[in-house]
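Let's take a friendly walk through this protein. Please have the sequence and the 3D view open while you read.

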Amino acid sequence: MIGIFLAKVKMFLRHPWTFVIMIIMSVGFALILGSGNPATVTVPVHTADDSIRDSTIGEMLEQSGAYSFEWVSEDRVKEQVTNGNAEVGLILRKNDYDVIVGVSTANAKLVEQKVYEAYSKKAQYHQIAAAADSTGSSGRTEVLAQLKTTMDNPIFDMDSSYFTGSKADAFDMKYHTLFGFTLFFVIYTIAYNVFYVLLEKKEGIWDRVILSPVRKWEMYTANFVYTFLTGYLQVIVVFLVFRYLVGVDFNGRFLESLLLVLPYVFSIVALSILITGIVKTVQQFNAVIPILAVSMAMIGGAYWPIEIVESKIMLMLSKIDPITYGMEILYGVAIYDRPLDQLLSPISILLLMGVLMTGIGIHLMERRYVS
C-alpha cells in the first residue's frame, strides 16, 4: 500500500498542472466575483416633479443604506434596466409610482417595499395634517410640531439582528465566492485523480498488481488516501491564500474551517469512486464529471445563495448534494459563528453519504469491465 501511495505522489510531483490550475481558478474566480459585489445596489429613479425628491419620499429613499438611488431621466431609467445595468428602476409621481423590473430578484422586491413604505408614510402625514386643519391654524401648527418631535424622538428603540448570529453581514459575497468556488473546483481535482484508476484498469495495470503480494484492499486504500489528501491540500492552499494574502479572517475560526471541511472532501472522493464504478468507458467519465460538477454547484448554492431559490424541486435535489452541506458547514463556522454541536447534522450527512457511495462504488468497480 505504501509503495502504491508513494508512486502516486511521484506522479503528482511530475504532473501537478491540474492541481495548480484548479487552485488558480478557485482563487481567481473568488477574487473577481467576490470583490465585484458593491456594498450598495444602485437604483435609477426618475421624477417629473422635483418637489418629490425633497419630500418625505425622497428623504426615506436617501436614508436607505442598502440601496443608492440615482436620480436620472426617464429614458435613462428604462435604458439601464433594459441593458441589465440595473435590476430595478423607479418612476415616481405625486401620488403613485411605477416599478420597472428587469429580473425578478430579492433586490427588486425590497426596493418596491421601500418605495411603498415611503408613499404610505407620506399618506399618513397628509392625513394627520388634514385632521389638524379642522382644529384651526394654531391647532394645526401644534399638531405638526408634536408630530415632528415624535418622529425625531420615537418612543421605542428597535434593534434587529439575525437569529443565526449577531453579525449584520449575514450574507457576504466575499465569503460566498471563496467557499463556493473552493468546493466547486476541488471536485475536478479529486475526480481526475480517481480517473487514473480507470486508466490503470483499462491498461491492465491493476490485473498485474493483483498478481503481486499486494492485496486488493490496499490498492483501494492507497488510491483513496492519495486522492483525499490531494483534494484537501487544494482546499488548504486556497484558504491560506485568502487568509494571509487577501486578509479574510474567517471570523477568527480559520483552523475550525479547515478541519470541518474534511467531511466534504471525503464525500467528494466517495462520489468520484461511485461515478468510476458506474461509467463503462473513460470517455463517459470525461463527459459526466463536468456536467455533474456544474449541476452540483448550481443546485448546492456554490454560485448563488440557496436561500433565494424558490423551486421546490431544486430545493429537494439540494438535499442530496454534498455542496449544500459543505456550504452550510463553512457558513456556520465563518459567518454564523455556530458551535460544533450545531454543525453535527451536515457533518453526519456528509459522512453517511461518503460511506454509502464508497461501498456502492467499489462494489460496482469490481463488477464492471472498463473499455
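## Overall picture

Of the contacts in the protein with a separation of 6 or more, 73% are between residues 24 or more positions apart; contact here means heavy atoms within 4.5 Å. The protein has 16 helices and 4 strands, where helices (H or I, at least four residues) and strands (E, at least two) are DSSP runs numbered from the N terminus. Buried residues make up 42% of its 371 residues. Buried stands for under 20% relative accessible area, exposed for over 50%, and partly exposed for what lies in between (1.4 Å probe, protein chains only).

This is a predicted model, in which local features need pLDDT of at least 70 and side-chain atom pairs count only at pLDDT 80 or more, while totals for chains, interfaces and linings use all residues. Residues are numbered from 1 along each chain as its sequence is written, and side-chain values use heavy atoms, with hydrogens and water left out.

## Confidence

The predictor's confidence in each residue is its pLDDT, from 0 to 100. The protein has a mean pLDDT of 79, and 78% of its residues reach 70 or more. Over residues 162-170 the pLDDT is below 50, and this stretch has 12 contacts in the model beyond near neighbours in sequence. Where pLDDT is low, the predicted coordinates should not be read in detail.

## The sheet

Look next for an open sheet of 4 strands, ordered β2-β1-β3-β4 with mixed pairing. Its edge strands, β2 (67-71) and β4 (97-101), each pair on one side only; two strands pair if DSSP finds at least two bridges between them. Neighbouring strands of this sheet are turned by 25° against each other on average, direction ignored. Strand β1 (residues 41-47) runs parallel to β2 and is joined to it by 5 bridges. Thr42 has Ser68 in β2 as its bridge partner.

In a regular strand the side chains alternate between the two faces of the sheet. In β2, Tyr67, Phe69 and Trp71 form the covered face, whereas Ser68 and Glu70 form the uncovered one. Helix α5 (residues 74-82) lies across β1, β2, β3 (88-92) and β4, and runs at about 160° to β3. For such angles, axes are lines fitted to C-alpha atoms, for helices over the stretch in contact, and the angles run from 0 to 180 degrees between N-to-C directions.

## The nonpolar cores

A nonpolar core is a set of buried Ala, Val, Leu, Ile, Met, Phe, Trp, Tyr and Cys residues joined through side-chain atoms within 4.5 Å. The largest one has 70 residues, and those with the most contacts inside it are Leu178, Phe179, Phe239, Phe250, Tyr264, Phe285 and Ile323. At least two residues of this core come from each of α2 (17-35), α8 (173-202), α10 (216-246), α11 (254-260), α12 (262-278), α13, α15 (322-334) and α16 (344-367). Helix α8 supplies the largest share, 15 residues. A second, separate core of 17 residues includes Val45, Met60, Leu61 and Trp71.

Leaving aside neighbours within four places in sequence, Ile323 is in contact with Leu183, Ile187, Tyr264, Met296, Ala297, Gly300 and Ala302. Which residue of α10 is also worth a look? Gln234 lies in this helix, and it is buried, with a relative accessible area of 1%. Not counting residues up to four places away in sequence, Gln234 touches Phe19, Met22, Ile23, Ser26, Phe185, Val186 and Thr189.

Helix α13 (residues 282-300) has 19 residues and reaches 27 Å from its first C-alpha to its last, close to the 27 Å expected at 1.5 Å a residue. The expected span is 1.5 Å times one less than the number of residues. Its buried residues include Phe285, Met296, Ala297 and Gly300. Just after α13, Gly301 takes a positive phi of about 90°.

The 24 residues of α16 should span 34 Å, and the end C-alpha atoms are 35 Å apart, which agrees. Among the buried residues of α16 are Pro346, Leu350, Gly354 and Met365.

Most residues other than glycine have a negative phi. Asn251, not a glycine, has a positive phi of about 55°. Asn251 is found in the loop between α10 and α11 and is partly exposed, with a relative accessible area of 26%. Asp337 also has a positive phi, near 55°. Asp337 lies in the loop between α15 and α16, and at 45% relative accessibility Asp337 counts as partly exposed.
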